[in-house]
Each structure stands twice: as C-alpha cells, then as structure tokens.
Amino acid sequence: MARTKIALIGGGNIGGVLAEQAAYRELGDVVIFDVVEDMPQGKALDMAEGAPLIPSDAKITGTNTYEGIAGADLVIITAGLARKPGMSRDDLLATNLKIMTQVAEGVRDNAPDAYVIVVSNPLDAMVYQFKKISGFPKERVVGQAGVLDSTRFRAFVAWELGVSVQDVSALVLGGHGDTMVPLIRYCTVGGVPVEQFLSREKIDEIVERTKGAGGEVVGLLKTGSAFVSPAISALEMAEAIIKDKKRVLACACLCEGEYGVDGLYVGVPCVLGAGGVERIIEVELDADERKLFDASVAHVQKLVAELETGS
Ligand code: TXD
C-alpha cells in the first residue's frame, strides 16, 4: 500500500517545521511546494539526509510546480505573508487573498481528492477563500486556529498551577484574532473545572494573554510570527485525519446553521477523522459567551465582506 502523500504549500517557517515533523513521524511522504526557486528542494534534501538518524523512511522532496503535488491525499497550506511587529492578522488580507486564490486553483487542478488544512492568515477568511475557489466539499476543507489558541491557553494554565500540560484541556472558539473566545467554563485540570483552582482575576489574565499570544511572539521575534506551535497544531489535525482518530478539536469549519452561523468559517469544536470534518459539535453557551462568540463571528463576517469586494 502506498504511503499517504502530504503536500505542504508554502515552505517557509511553518512549512519547514511541518515537513520535518510529518516526515520524521512517518505520517506520510512529504512534498514541499514553494514559489521560491530551489528553496523547497534545499529544505527537503537537508531533512532527507537527517532521516536515517531518526530513523524515518518517509520521502521528503521539494518542488516549484503544482504537478509535484499531484495526487496528494492531504494538503496543508501556509503560503502567504506572516505578521511583523505592529501588524494585525487582518493587515495580511489583500496580499494573502491573491496568493490563496492561486494556491486553491493549483490544489484543485492537481490534488482534487485531497483533504485540506489551511493555516495562512487571516485564517477564517483564507479558509473561506480556499473553499470558494476550489469548490471542494466542506468536509475536506478546514482551518487551523483553535488547536493553537487552545494549546496556548492550556500551557498558561499548566504553568500557573505547576501541573502537567497534558492534564489541562481547553476550548477556544470563534475567529482567529483578538476576538477569539477562550471558554473558561470548559477549561478543566484533570477533569476538574479550572475555576476551582484559580481566581477570576488570574483566569482573566490568562484569557487576555491567550488572545494576545500570537502578538507576544511576533513582538519578540520581530522578523515573523510563531511557527513551531502553529505547525504542531496543524499536524495534530493532519494526524487525526490520516489515522482516523476522530479527535474532538476546535477547528475553523464551514457552519451552515450550526451556532446560528450560515455560510462562514469560524472556530467550533468538531470531530476530525478519515471523513475530514465528520461533525460539528454544538456546545451550550451562556449569555456572556454567546455575546463574545457573536462579536467574533461579526468580525469574521466583516473580513469576508472585504474579501468579497476584492479589497
Ligand atoms: O494558527 C495559525 N493559523 C497561524 C497562521 C499561526 C501563525 C502564523 N500563521 C500564518 O501562516 C502567517 O500569518 C502566514 O500567513 C502563514 C505562514 O507563516 P510562516 O511563518 O510560515 O511564513 P513564512 O516563513 O513567510 O512562509 C511563507 C511561505 C514563504 O516561503 C513564501 O515563499 C511562500 O509562503 N509563498 C508561497 N508559496 C506558494 N505559493 C505562493 N503563491 C506563495 N507566496 C508566498
């Protein structure tokens, strides 16, 4: 049986970590596509030469043509500009919209049966654009944001309590931006609600840090944005699909009625397995959570409206 073929569109910071981890964990054979000549080939060669030490028999190659991704089973898209200090994710819309349109055409024409995970920012608008241009069914097009926002929330809670990161579970819904909605009531430590461990003030501090976590890293790096944690987050989703794990993860899914949202990609919990987004889970939101979620959806709606007018 042939190994799963994983195509990475964009071989920059996130694409590089994705390639390394996907291949070294033997999730599948990996091909890196980028518009920069020779760069994906160089990264692939470097990783392939390290593979005997891991050891991994997965093949890693690089390409500058879409024919190179032909027949991919899974595609992860990180192509596009990343933030620099002072920029919001939304500032990337116009440039990344053009890039995403080209990418969607390339994937549609060369890997028509692929499952697709979009990572490029502004995430909720980019995954919407990919779906629109590719015409792929909604089960096969999903965006990565909630896994990253949730893992950041988990890390902050675990550090505060001095417990294993593994024992903290968290759920962050809504758009991937300042309006994201970390759900305090659904954050647990070893199954116990976090509110039994931390004061409201402390929790609020952690929520604010989670919302600004991407910006905090950008401010320190200065030359780009976070790339290890976003790559590992996307891989968590990729693995759920490849291994049919039916993981319950917060992902940007096309909502068609769920949560009262119609026709927009927003972060909601879903079951990810061999069928892609197999189902969206509707958790109960109280009045305050609902208000925050609706505000986040309104923000995504505004971005998508800008996208539709081509700005
Ligand atoms: O959680 C999330 N969703 C994210 C998303 C978390 C962090 C950063 N996130 C976004 O991912 C970020 O704002 C960017 O929009 C993407 C990629 O971030 P990365 O840090 O990997 O950016 P790089 O290092 O600049 O890499 C982008 C690559 C680079 O090699 C370009 O040459 C390439 O994209 N690129 C293209 N590839 C294919 N096709 C086209 N047209 C193209 N244009 C540029």
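Gln144 places a polar side-chain atom 2.8 Å from an oxygen atom of the ligand. The model is predicted. Asn96 also has a polar side-chain atom facing a ligand oxygen, at 3.5 Å, a distance that still counts because a polar contact is a pair of N or O atoms within 3.5 Å.

## The surrounding shell

The ligand is surrounded by 29 residues. Gln144 and Leu81 are among the closest, together with Asn13, Ile14 and Asp34. By class, 15 residues of the shell are nonpolar, 13 are polar and one is charged.

## Where the shell comes from

The ligand sits in the largest pocket. Both domain 1 (5–143) and domain 2 (146–310) contribute to the shell, with at least three residues from each.

Among the helices, α1 (13–24) and α3 (93–110) each supply at least two residues of the shell. The largest contribution is that of α3, which gives three residues.

Notes
Residues numbered from 1 in each chain as written. Predicted model: local features only at pLDDT ≥ 70, side-chain atom pairs only at ≥ 80, totals over all residues. Heavy atoms only, no water. Near = heavy atom within 4 Å. Polar contact = N/O pair within 3.5 Å; in protein donor to acceptor, adjacent residues only side chain to side chain. 1 Å grid on protein atoms, 1.4 Å probe; cavity = no way out; pocket = protein on both sides within 12 Å on 5 of 7 lines; lining within 4 Å. Sits in = over half its atoms within 2 Å of the grid points. Helix = DSSP H or I, 4+ residues; strand = E, 2+ residues; numbered from the N terminus. Nonpolar A, V, L, I, M, F, W, Y, C, P; charged D, E, K, R; others polar. Domains from an automatic or database assignment.
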